[in-house]
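This report goes through the fold element by element, starting with a pair of helices and moving on to the sheet and to single residues. Please keep the sequence and the structure in view while reading.

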Amino acid sequence: MERVLQEERATPLQEARILGVRVHRVGMDETLECIEGLIRRAEPSLVITADANAVLIAQEDAEFRALLECAALVTPDGFGLLWAGRRLRQPFPERVSGVDLVEHLTRLSHEKGYRLYLLGAAPGVAERAAQNLLACYPNAQIVGVQHGYFTPADEPAIVAQIAAARPDVLLVGMGMPRQEKWAWRHRHRLGAPVMIGVGGSFDVYGGVVKRAPKWLQRVGGEWLWRLMQDPRKIKKVRNLPRFAWRVLRARG
C-alpha cells in the first residue's frame, strides 16, 4: 500500500520508529497531500493518527501493531509523541491530530467536492458535528452520518449504508483501536478510498467537549484540558509516565 503511494510522490515519506512503532514524519500540509493522493488511487487505505497511547497499545495488541505497519499513513498526534521524537533524534515537524484533520478535510471538501462520511460518537453528536462544520464550510459534501453505538447485528446495514453514500473519506470516531480495526475489517465492502480514525473529534465539533485554548495546545497542555473536561480519560493520562519511561530507557 505505502509503496504505491510513494511511487506517486516525488520523495518518499520519512519515518520514525517510536518504541518500534512506525510513525511518519509529516506535517499537516504533507498529510493532506497524501490523503488527496489516496483518494485519487481509489483503493481502500487506512490513515492512523497515533499518539503516545497508540504506541503503548501496539506493544500489547499484535493486530493493532500490524495495522500501524500496513497503514498508508501514520501521523504524529499528541505532545508525548512529539517529545519522544525529539528525545530519540527523530523529530516530527508538527502535531497532526484527528480533530484538526476533520476541519482541514471539511475545508478541502468545501473547496474540491470530496465526499465525507462521519461515523461514530453517541447518537445525535455526529449530526450536530456535521451541522457545525457545514456552518463554517457550506459547500462541503458531508454525505452521511451514523452514530457509533451499534451492535454487531447492525453492522451489515451500516456498512451497506456507507457504501451507498460513496464517500471519498470515511471519518471513524469510535476510539482507538476499535475504529481502526473496524474500518480495516470492512474496507472492501465500505468502498471508501480513505478511512481515518479520529477518536473523539465529533464530540468537539458536536459541542459535547470544548477544545483547549490555542495557547494551551501550543505548549502541549491539551491533554490536561481534556482530562478536566472528561475525567474518564484518566487511564490515558496515567499511561503518559509509562510511555516517557520507556522512551528514556530506549534512548539509553
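In this predicted model, helix α3, which covers residues 52-60, packs against helix α4, residues 62-70, at an angle of about 120 degrees, and the two axes lie 6 Å apart. Because angles of 65 to 115 degrees count as roughly perpendicular and those over 145 as roughly antiparallel, α3 is classed as oblique to α4. The contact draws on Ala54, Ile57, Ala58, Gln59 and Glu60 from α3, and on Ala62, Phe64, Arg65 and Leu68 from α4. In handedness, the crossing in which α3 passes α4 is left-handed.

The sheet comes next. Six strands make up an open sheet with parallel pairing, and their order is β4-β3-β8-β7-β5-β6. The edges are taken by β4 (73-76) and β6 (141-146), each of which has a single partner strand, so that one side of each is left without a neighbour in the sheet. On average, and with direction ignored, neighbouring strands of this sheet are turned by 20 degrees against each other. Within the sheet, β7 (residues 169-173) and β8 (residues 194-197) pair in the parallel sense over four bridges, and Leu171 stands opposite Ile196 in β8. Helix α9, residues 178-185, packs on the sheet, where it touches β3 (45-50), β5 (115-120), β7 and β8, and the direction of α9 makes about 160 degrees with that of β8.

| Charged residue | Ring | Distance from ring centre |
|---|---|---|
| Arg178 | Phe150 | 5.3 Å |
| Arg187 | Trp184 | 3.9 Å |

Most residues other than glycine have a negative phi, and most peptide bonds are trans. Against that background, the peptide bond joining Met176 and Pro177 is cis, with omega at about 5 degrees, and Pro177 lies in the loop between β7 and α9. Arg89, although not a glycine, has a positive phi of about 55 degrees; Arg89 is placed in the loop between α5 (79-87) and α6 (98-112).

Technical notes
Residues numbered from 1 in each chain as written. Predicted model: local features only at pLDDT ≥ 70, side-chain atom pairs only at ≥ 80, totals over all residues. Heavy atoms only, no water. Pairing = 2+ DSSP bridges. Helix = DSSP H or I, 4+ residues; strand = E, 2+ residues; numbered from the N terminus. Axes fitted to C-alpha atoms, helices over the stretch in contact; angles between N-to-C directions. Contact = heavy atoms within 4.5 Å. Lys NZ or Arg CZ within 6 Å of the ring centre and 35° of its normal. Parallel < 35°, antiparallel > 145°, perpendicular 65-115°, else oblique. Left-handed = near helix turned anticlockwise from the far one by under 90°.
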